[in-house]
Structure formats: structure tokens, C-alpha cells
Amino acid sequence: QVQLVESGGGLVQAGGSLRLSCVVSEGIFSNYDMGWFRQAPGKEREFVAGIRWSGRGTTYYADSVKGRFTISRDNAKTTVYLQMNSLKPEDTAVYYCDGVLGGHPLGSWGQGTQVTVSS
């Protein structure tokens, strides 16, 4: 059964930090790159950060979060994290994790976790 469970969102002031977690079912975690995506009200879901499933776990980021966000994975816990620092009001969105194939999400979305950044 495919399962992704995100957590760690909340309300934070601009400049603050949050750490998101996503527990992933083994079938996805062991076979795909993993990514974080977000969807703000009235906007399309967008890519935020990704991490390769093999090797050194190379990471890649959207320009809007580069230098502020860090994605990581714990293979033993089949969990993906997103450390978010220097948060801005424009980071406000529902954040989702998913497997990534060919640069595209698999579409196995969890319930997401709300991040709200106040100015």
C-alpha cells in the first residue's frame, strides 16, 4: 500500500524555521527519488526540493528556496525531511512529499502539512 504521511507544519514568523517530515512506504522510498512540493491558495502545485534515491543522495532545489531549505532522507526510517530556514510569507502553502520519476511526481500524494509564515 502506497503511503506518505507528512507532518511538522505550523505557524511561524518570517525569518523563522520549521522542519517537515514525511514517512514513506517502503515501495516508494527504495525505488524512487523523493521530492517536496507545495501548493499555495489559488496556485498550482510546484516543486520545492528533491533528493536522489541512490548513491550520495544528490539534492536539487527550486531557485526560490535554494540556500534556505535542505532536503534529506533517513533510509532506516524511510523518512524524508525538509529543513526550512529564513522562511518568508511567500513560503506559505500546503507542503507535500512524493516519489519523483523523470522529474515528475508520481502522484501518490499524502494529506500534506500546512505551513503559514506571518510577516
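Let's start with the rings: this structure holds four aromatic pairs. Two rings of Phe, Tyr or Trp (for Trp, the six-membered ring) count as a pair if their centres lie within 6.5 Å; planes under 30 degrees apart are called stacked, over 60 edge-to-face, and the rest tilted. Strands (E, at least two residues) and helices (H or I, at least four) are DSSP runs, numbered from the N terminus.

Before going on, a word about the model. It is predicted, so local features need a pLDDT of at least 70 and side-chain atom pairs count only at pLDDT 80 or more, while totals for chains, interfaces and linings use all residues. Residues are numbered from 1 along each chain as its sequence is written, and side-chain values use heavy atoms, with hydrogens and water left out.

Phenylalanine 37, at 5%, is buried, and phenylalanine 47, at 29%, is partly exposed. Phenylalanine 47 also pairs with tyrosine 60, and this pair is stacked: 5.6 Å centre to centre and 15° between the planes. Tyrosine 60 belongs to strand β6 (residues 59-61), 13 residues away from phenylalanine 47. With a relative accessible area of 22%, tyrosine 60 is partly exposed.

Now look for arginine 45. Its charge sits over a ring if CZ of Arg (or NZ, for a Lys) is within 6 Å of the ring centre and within 35 degrees of the ring normal. Arginine 45 lies over the face of tyrosine 96, 3.8 Å from the ring centre, and also over the face of tryptophan 109, at 4.1 Å.

Next, the core. In soluble globular proteins, nonpolar side chains tend to be buried together. A nonpolar core here is a set of buried Ala, Val, Leu, Ile, Met, Phe, Trp, Tyr and Cys residues joined through side-chain atoms within 4.5 Å. The largest one has 28 residues, and Trp36, Leu82, Met84 and Tyr95 have the most contacts inside it. Elements that each supply at least two residues include β3 (18-24), α1 (26-29) and β9 (93-101). The largest share, four residues, comes from β3.

Which residues does methionine 84 touch? Leaving aside neighbours within four places in sequence, its contacts (heavy atoms within 4.5 Å) include Leu18, Leu20, Phe69, Tyr95 and Val115.

Phenylalanine 69 stands opposite methionine 84 in β8, which brings us to a sheet. Two strands pair if DSSP finds at least two bridges between them; β7 and β8 have six, in the antiparallel sense. The open sheet has four strands in the order β1-β3-β8-β7, with antiparallel pairing. β1 (4-7) and β7 are at the edges with a single partner strand each, so one side of each has no neighbour in the sheet.

Finally, visit the loop between β7 and β8, where you'll find threonine 78. Threonine 78 has a positive phi of about 40° although it is not a glycine, and at 12% relative accessibility threonine 78 is buried.

How values were computed
Buried means under 20% relative accessible area, exposed over 50%, partly exposed in between (1.4 Å probe, protein chains only).
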